[in-house]
Amino acid sequence: MHYLITGGYSDVARTTIDQLLASGHRVSWSGPAFRPSGGGRVQHVSHGDAPWRDVDFRAVDGIIHLAGPHPANHLGEQDIARQRLFAKSLFGRAADAGIPRIFFLSVVSNPRVRDLPFVQAKYAVEEELKQTGLPAVVFRIPWLYGPNDDFLTRLWRWVRSRSVLLVPGLLDVPVQLCHERKLAAAIVQAIGQSTAQLRVFEVATSSPLPLSELINQLGLLVRGESPRIVPVSNRAFHLRGPLRVVGLIPIRSPMWALLEGGLTCATTAFERNFDVEVQQPNSALIEFVREMGGAVPWWGRRVGAA
């Protein structure tokens, strides 16, 4: 099978490519050139804004659309319109070529965040996909994590080097995580499942954990002690330069707005359809710290058993 993947710098896209190649599929990749870890060959598509110029869509068996804005970006109306226009063109070409399936990575939402630009951009693409009437699978995720993510990895580095953290906003905000590798595995598994309509799955691999507890447990795993958390006003983001020196939590302001919205989801359908066991947040954090090359001592095992 031949799959076109749009993904920019996404680690999920690269992990998905590795797994597709290992399964014997052919991959065209609309993103920066890179070498798959398994040594397979990828057709690099140079026209990221118009992949149909380099790829014969009539020979494509599916599109995995993972490209999109980063949640830390400050998006305007033009950015959202640009995302919608690209999706309209991409999905329209797919429909004309009779491509049988599309996969799209979206975001979990709730009424508190539906007006945020990042969420608007994702749901604008979803709407364009629905209008094509093509069979499709949409994965809605809360927060992705892995060795190069811009949320948990940044937080891990900060906790590792700071004993005091200034945290804007609410410390009881629930955080629900999805590992990049498990999402990639679900995408590859979904390729082998037949569907005649659009299906939506909410995706996560750990149950919600309050942000303050997430920070505390990272501190225990990385330093052997929880950092001291000092709540500050959201206006601290405007003073990021001077406050960075004393430990302002390294989460960019647009991402903080999403966090405050409480992006959590129900994973029952995801577990059932893709045979994924939802991890407890403690064990997910231990696994993450080990992946980052950090040892998890005896108190780390106690955290995991809590």
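**Close-up views of a predicted model**

View 1. Arginine 154, at 24% relative accessibility, counts as partly exposed. In this predicted model, the two residues form a salt bridge in which the closest N and O atoms are 3.4 Å apart. Side chains of opposite charge can pair when their charged atoms come close. A search of the whole structure finds eight salt bridges, and the next view shows others.

View 2. Arginine 181 forms a salt bridge with glutamate 287, with 2.9 Å between the closest N and O atoms. Because glutamate 287 lies in helix α10 and arginine 181 in helix α5 (residues 180-191), this pair ties together parts that are 106 residues apart in sequence. Arginine 181 also meets the side chain of glutamate 291 in a salt bridge of 2.8 Å, N to O. Glutamate 291 lies in helix α10 as well, so its pairing with arginine 181 in helix α5 ties together parts that are 110 residues apart in sequence. Through shared partners, salt bridges join Arg181, Glu287 and Glu291 into one network.

View 3. The structure holds nine aromatic pairs, and one of them is the edge-to-face pair of tyrosine 145 and phenylalanine 288, at 5.9 Å centre to centre with 75° between the planes. Tyrosine 145 lies in strand β7 (residues 143-145) and phenylalanine 288 in helix α10 (residues 281-291), so the pair ties together parts that are 143 residues apart in sequence. Both tyrosine 145 and phenylalanine 288 are buried. Phenylalanine 288 also forms an edge-to-face pair with tryptophan 156, at 6.5 Å centre to centre and with 85° between the planes. Since tryptophan 156 lies in helix α4 (residues 152-161) and phenylalanine 288 in helix α10, this second pair ties together parts that are 132 residues apart in sequence. Tryptophan 156 is buried, with a relative accessible area of 7%, while phenylalanine 288 counts as buried at 0% relative accessibility.

**View 4. Arginines over aromatic rings.** Arginine 114 lies over the face of tyrosine 123, at 4.2 Å from the ring centre. In another such arrangement, arginine 162 lies over the face of tryptophan 158, at 4.3 Å from the ring centre.

How values were computed
Residues are numbered from 1 along each chain as its sequence is written. This is a predicted model: local features need pLDDT of at least 70, side-chain atom pairs count only at pLDDT 80 or more; totals for chains, interfaces and linings use all residues. Side-chain values use heavy atoms; hydrogens and water are left out. Rings of Phe, Tyr and Trp (its six-membered ring) pair if their centres lie within 6.5 Å; planes under 30 degrees apart count as stacked, over 60 as edge-to-face and the rest as tilted. Helices (H or I, at least four residues) and strands (E, at least two) are DSSP runs, numbered from the N terminus. Buried means under 20% relative accessible area, exposed over 50%, partly exposed in between (1.4 Å probe, protein chains only). A charge sits over a ring if NZ of Lys or CZ of Arg is within 6 Å of the ring centre and within 35 degrees of the ring normal. A salt bridge is a side-chain nitrogen of Lys or Arg within 4 Å of a carboxyl oxygen of Asp or Glu.
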